[in-house]
Amino acid sequence: MKKIMGYRNIGLVFGLIGLMVLAAIITPSLFSFAALVSMLRNNAVYVFLAIGMMIVLVTGGIDLSVGSTLALSGVVCTSLMSTHMDVPAIVWVLLSLVIGIICGAFNGFVVGYLKVVPMIATLGTMYIYRGFAFLLSGGQWWFPHQISQPYQDWAAKSIVSVPAILWIAAIVFIAAAWFMGYRTSGRRIYAIGTNVESAQVAGIKEARVRFLAFVICGALAGLSGMLYTANYALCTYSIGDGYELQAIAICILGGVSITGGRGTVDGVLIGWLMMSFITQFISLLPGLSVWQHALQGVIIIVAVFINIAMTRSSEKRFLKERGALL
Amino acid sequence: MAGENKGTVRDLTVKDSFQLSKFLVKWEMMLVYILILINVILAVARPGLYFNIATIQSIIQSGLDLSPMVMGMVFILLLGDIDVSIASEMVLSGMVTGILCDKGMPVIVAVLAGILTGAVCGAFNGVLVGYVKMPAVIVTISTSMLFRGIVEIVLDVNSLKNFPAFYNAIGWKNIGILPICLILYAVITVIFYFILHRSTFGRQLYIVGNNPTTATYSGIRVERLKLIVFIIMGVMAGIGSIFFVGRMGGGLSSSMGTGYEMDVIAICVLGGVSTNGGKGKVYGPFIATFIMAFLLYTLGLVGVDANTRKIVTGIVLLIAVLIPNLNKQFLADIRGKFASK
């Protein structure tokens with residue numbers, strides 16, 4: 001019991017349970033297996049963006065270009081796919097990863113090696129990637145009949161009555177948790193985020209770690225672009241607009257610190273579940289759908305406030321225990 | 001910071017005599033060169049259009065709809081903070097004005113209420129950033145959702161069309177040969193110049209931006225300063241709504257002005273304001289506003305569409321932040337070489 005209570009995301013779990021209870025009372029229709037699966041499927045794209053964003057946030061950076069990377073990779077994959085229907089769909093998955101890696105590598109190069117502030121650098125690339133997505137698409141839309149079945153299967157095919165996109169999301173979750181928790185490179189990301197100088201003294205190359213974080217984030221954003229188009233069977237240059245803010249919001253709900261060094265993959269998972277429940281919950285309530293953005297904004301502010309208050313009180317307790325405070 | 005300490009007992013800054021060579025390679029002068037270059041390109045490419053006062057007027061008018069917010073953002077960036085909620089603040093305060101005009105309130109009340117709304121929004125950000133000490137990025141991202149959410153709740157899919165007549169004049173009319181918005185922007189810039197470069201408050205901004213801890217220990221109330229700066233930003237967003245709605249032909253709906261915050265930040269960075277805080281001047285962004293206006297208009301004339309112009313905005317932004325960085329590294333490398341010899 002003590003071990004459970006000492007779990008660092010316990011507050012988040014309680015928040016999630018509270019939300020689910022509230023949802024169960026007010027909108028019981030949310031709690032059928034099919035409704036839950038469709039809710040998670042609609043929000044699955046955010047998983048990839050949020051995990052990538054978390055890794056960048058842990059280094060103390062921020063990536064505003066993920067929404068545009070998503071659009072760019074979605075447009076490239078869909079446009080090529082619609083003219084080359086006979087190519088196996090796995091090619092498009094790999095292509096989307098490559099596009100994402102290129103986009104992320106450019107961000108990482110500018111931030112890591114040229115030492116530009118992440119916020120400004122990715123603000124610039126956000127414009128650039130979105131512009132390229134428009135150029136390559138020529139403003140065109142792609143509709144379901146233009147998108148081949150094997151391509152759609154990557155997101156929609158049901159395996160053990162759960163769509164493929166959720167399985168892929170689960171794999172990414174586990175891989176990310178393993179990478180961030182047990183791999184040397186993953187731990188280096190935390191080291192850079194916690195204290196750059198001591199990490200450098202310990203022989204960690206700051207530029208390389210930042211570069212890696214942005215490349216992973218970009219790769220996941222690229223993958224999400226392909227899966228987005230496969231999931232909704234729709235594509236245009238403006239997909240994923242504002243998703244970067246959603247991803248950041250999920251990370252913050254999941255207890256990732258914006259100043260770096262703090263954040264776990266399981267926290268992001270809980271944050272994502274909470275955000276999915278909130279959006280679905282609001283859309284099910286009559287007349288509340290226009291309230292969605294306002295409520296999300298309030299929820300994030302409250303979540304960050306609680307997060308900061310808890311960190312401060314634990315720091316104070318720590319100091320008191322050492323006798324540093326009267 | 002080779003700034004001037006005005007009216008102090010002991011002037012500790014070393015005052016260089018005016019050097020023409022140094023003056024000519026300053027960042028602000030670079031901006032002037034770029035602006036002249038764009039003008040020359042425009043004049044050569046479309047001589048028929050360029051040598052026509054109406055063209056120049058319309059270029060300036062098209063680029064100045066976000067100008068008041070640029071000045072507010074300079075202060076925010078000087079503190080090392082950032083505010084991405086300004087577009088939402090702008091739409092919210094425009095909405096308040098529009099609704100009050102619909103209700104038949106006197107124009108002056110409606111406009112002041114709009115600006116006051118901006119100030120309240122700014123104060124909300126300022127309290128959270130200054131006193132609760134939440135990161136400015138997070139606060140303003142969520143308040144941008146919140147403010148725009150409020151507009152969505154109130155307006156839903158409707159739009160407001162009832163705005164005071166002078167809104168349109170600001171967006172489209174000229175006094176003599178000068179566009180009204182240009183005159184107003186110049187006035188705003190002069191006011192901000194005096195606040196930033198000629199007052200104690202302005203010097204405090206630089207100190208807080210360079211080192212908040214030092215500022216606290218030297219008796220500056222950092223929390224209050226941040227609150228004031230965010231309120232100023234809110235007021236400027238409120239004034240910005242006048243420019244914006246005027247430019248949009250006197251209509252407002254909930255989805256308008258998305259992405260303006262990014263444009264404003266881009267202009268500030270291009271104008272030499274560092275996002276790390278503590279570095280930047282008022283006249284850099286002033287010139288940069290015109291660079292962006294002329295650049296985007298020129299591209300439009302050449303036949304580049306609005307979405308592709310985003311690429312140019314992005315590249316300009318990246319280059320603007322890269323040049324000082326590379327320059328610094330380049331100089332450091334040279335010094336390192338000399339030191340090793």
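This is a predicted model: local features need pLDDT of at least 70, side-chain atom pairs count only at pLDDT 80 or more; totals for chains, interfaces and linings use all residues.
Residues are numbered from 1 along each chain as its sequence is written, and chains are lettered from A and ligands numbered from 1 in the order in which they are written.

**Helix crossing in chain A**

- Helix 4 (residues 66-83) and helix 11 (residues 206-232) of chain A have axes that come within 7 Å and cross at roughly 50°; helices are DSSP runs of H or I with at least four residues, numbered from the N terminus, and axes are lines fitted to C-alpha atoms over the stretch in contact, with angles from 0 to 180 degrees between N-to-C directions.
- Helix 4 of chain A is therefore oblique to helix 11 of chain A, oblique being what remains once angles under 35 degrees (roughly parallel), over 145 (roughly antiparallel) and 65 to 115 (roughly perpendicular) are set aside.
- The residues making this contact include Val66(A), Gly74(A) and Cys77(A) of helix 4 of chain A, and Cys217(A), Gly218(A) and Tyr228(A) of helix 11 of chain A, where contact requires C-beta atoms, placed from the backbone, within 7 Å.
- By class, the contact has nine nonpolar, nine polar and no charged residues; Ala, Val, Leu, Ile, Met, Phe, Trp, Tyr, Cys and Pro count as nonpolar, Asp, Glu, Lys and Arg as charged, and the others, Gly among them, as polar.

**Core and buried residue**

- The largest nonpolar core has 201 residues, and those with the most contacts inside it include Met54(A) and Cys251(A); such a core is a set of buried Ala, Val, Leu, Ile, Met, Phe, Trp, Tyr and Cys residues joined through C-beta atoms within 7 Å.
- Helix 11 of chain A gives the most to this core, with 16 residues.
- Ala213(A) lies in helix 11 of chain A and counts as buried because 32 C-beta neighbours lie inside 10 Å, the cut-off for buried being 20 or more within 10 Å.
- Beyond residues up to four places away in sequence, Ala213(A) touches Ile55(A), Val56(A), Thr59(A), Gly61(A) and Ile189(A).

**Contact between chains**

- In the contact between the chains, 35 residues of chain B meet 37 residues of chain A.
- Helix 8 of chain B gives the most to the side of chain B that touches chain A, with 13 residues.
- The residues on that side of chain B divide into 21 nonpolar, 10 polar and four charged.

Methods
Helices (H or I, at least four residues) and strands (E, at least two) are DSSP runs, numbered from the N terminus. Two residues are in contact if their C-beta atoms, placed from the backbone, lie within 7 Å. A residue is buried if 20 or more other C-beta atoms lie within 10 Å of its own, exposed if 12 or fewer, and partly exposed in between; C-beta atoms are placed from the backbone.
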